[in-house]
Amino acid sequence: MRRIDPKLMMRAVWQLRVRRRPFVLSHTVNTACNLRCSFCPHWRRRGREMSLREITGMLDDASRFGIGAYNAWATEPLLRDDLPEILRHARSLGMITSLVTNGILLSERINDLESLNYLTVSVDGIESLREIRGIPLDEIMDGIVEARRRGIEVLMNCVISDKNLGELTSLVKLAKKIDAWISFEPLHEFDETECDDLRIRDRERYRSAIGELIDLKSRGAPIINSITYLRMIQQRDVGFRCHAADLILHVSADGSIYVCRVHDEPLGHVSNGISEVWRESRDMRKRVSEGCRGCLFFGYVENSMLYEMVPEVMIHYEWM
């Protein structure tokens with residue numbers, strides 16, 4: 001298990017537990033994508049994107065609010081030309097920086113990631129990646145390997161579906177081979193997506209595949225998930241209290257602030273001031289959270305259980 005910077009940990013604890021404010025800013029940095037994945041809603045939601053000046057202003061405000069980590073994701077961040085300036089500004093404010101990408105432009109833009117701490121690449125399969133996302137694995141592997149060579153911490157994230165159940169253990173072996181981490185989470189069906197061909201059809205085969213991941217995790221495989229979470233998705237049991245709104249500040253491409261990536265009812269806009277929106281939206285955040293049926297996105301589940309100090313999660317969840 002990696003050692004977490006004690007100063008960063010204390011900073012996060014102060015922000016989350018004492019100030020009762022989120023520590024991570026998760027930013028939908030653009031609305032364009034170079035893929036059309038059937039299960040993804042984000043490329044279907046083209047709209048206004050904040051300018052560089054607006055984003056740096058938001059980051060300044062977020063820093064004053066106490067945010068300590070900036071995550072650029074959705075729809076495809078590497079399509080944004082000024083991404084290096086955004087990451088550089090976040091780092092200049094003392095924020096940990098992370099990025100989520102499909103990996104297609106990774107080799108081409110690797111020099112633009114000098115200010116990046118953590119890189120997440122969507123890798124849903126070996127042979128099945130072409131069928132799931134429309135690209136061969138070879139097209140993104142060179143960029144992933146180069147990122148590791150340059151010292152960037154890499155996480156391969158796999159969305160589990162009917163197409164890749166037979167390749168989960170192979171993905172773990174691949175992560176180990178290239179000295180990367182890997183995470184797993186089950187497919188989430190948004191209202192506007194088309195997932196008929198990806199839904200799990202053989203529940204027993206699914207449970208067996210997750211059981212293999214649990215065994216690999218218990219033997220030290222580089223799986224970021226905790227065993228508690230893996231057992232939860234094995235049984236498809238949403239057995240946790242969600243703290244997504246307490247842990248993560250979600251900002252859309254146009255600057256709207258949301259409770260989470262599932263609920264798209266805006267709480268306010270960054271132009272009104274993050275502190276002001278946070279204070280004024282307290283009742284709304286509580287209402288949305290209490291009425292939620294729950295999801296199994298690993299970032300929400302694992303970090304919520306970490307927030308609740310679940311012992312096994314605290315020991316085995318490799319927080320990034």
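Tutor: In this predicted model, L25 stands opposite Y70 in strand β2. The chain gets from β1 to β2 by way of helix α2, residues 52–65, in a right-handed β-α-β crossover.

Student: What makes β1 and β2 a pair?

Tutor: Pairing requires at least two bridges between the strands. Strand β1 (residues 24–28) and β2 have five bridges, in the parallel sense, so they count as paired.

Student: What is the bridge partner of Y70 in β3?

Tutor: The partner of Y70 there is T97. Four bridges join β2 to β3 (residues 96–101), and these strands run parallel. Between β2 and β3 the chain passes through helix α3, residues 83–92, and this β-α-β crossover is right-handed too.

Student: Which residues of β2 are buried on each side?

Tutor: On one side A69, N71 and W73 are buried, and on the other Y70 and A72. Strand β2 (residues 69–73) is mostly covered, with five of its five residues buried.

Student: Why is C158 called buried?

Tutor: Its relative accessible area is 0%. Buried means under 20%, so C158 qualifies.

Student: Why is C292 called partly exposed?

Tutor: The relative accessible area of C292 is 32%. That value lies between the 20% and 50% cut-offs, so the term is partly exposed.

Definitions and conventions: Residues are numbered from 1 along each chain as its sequence is written. This is a predicted model: local features need pLDDT of at least 70, side-chain atom pairs count only at pLDDT 80 or more; totals for chains, interfaces and linings use all residues. Side-chain values use heavy atoms; hydrogens and water are left out. Buried means under 20% relative accessible area, exposed over 50%, partly exposed in between (1.4 Å probe, protein chains only). Helices (H or I, at least four residues) and strands (E, at least two) are DSSP runs, numbered from the N terminus. A crossover is right-handed if, with the strands pointing away from the viewer, the path from the first strand over the helix to the second runs clockwise.
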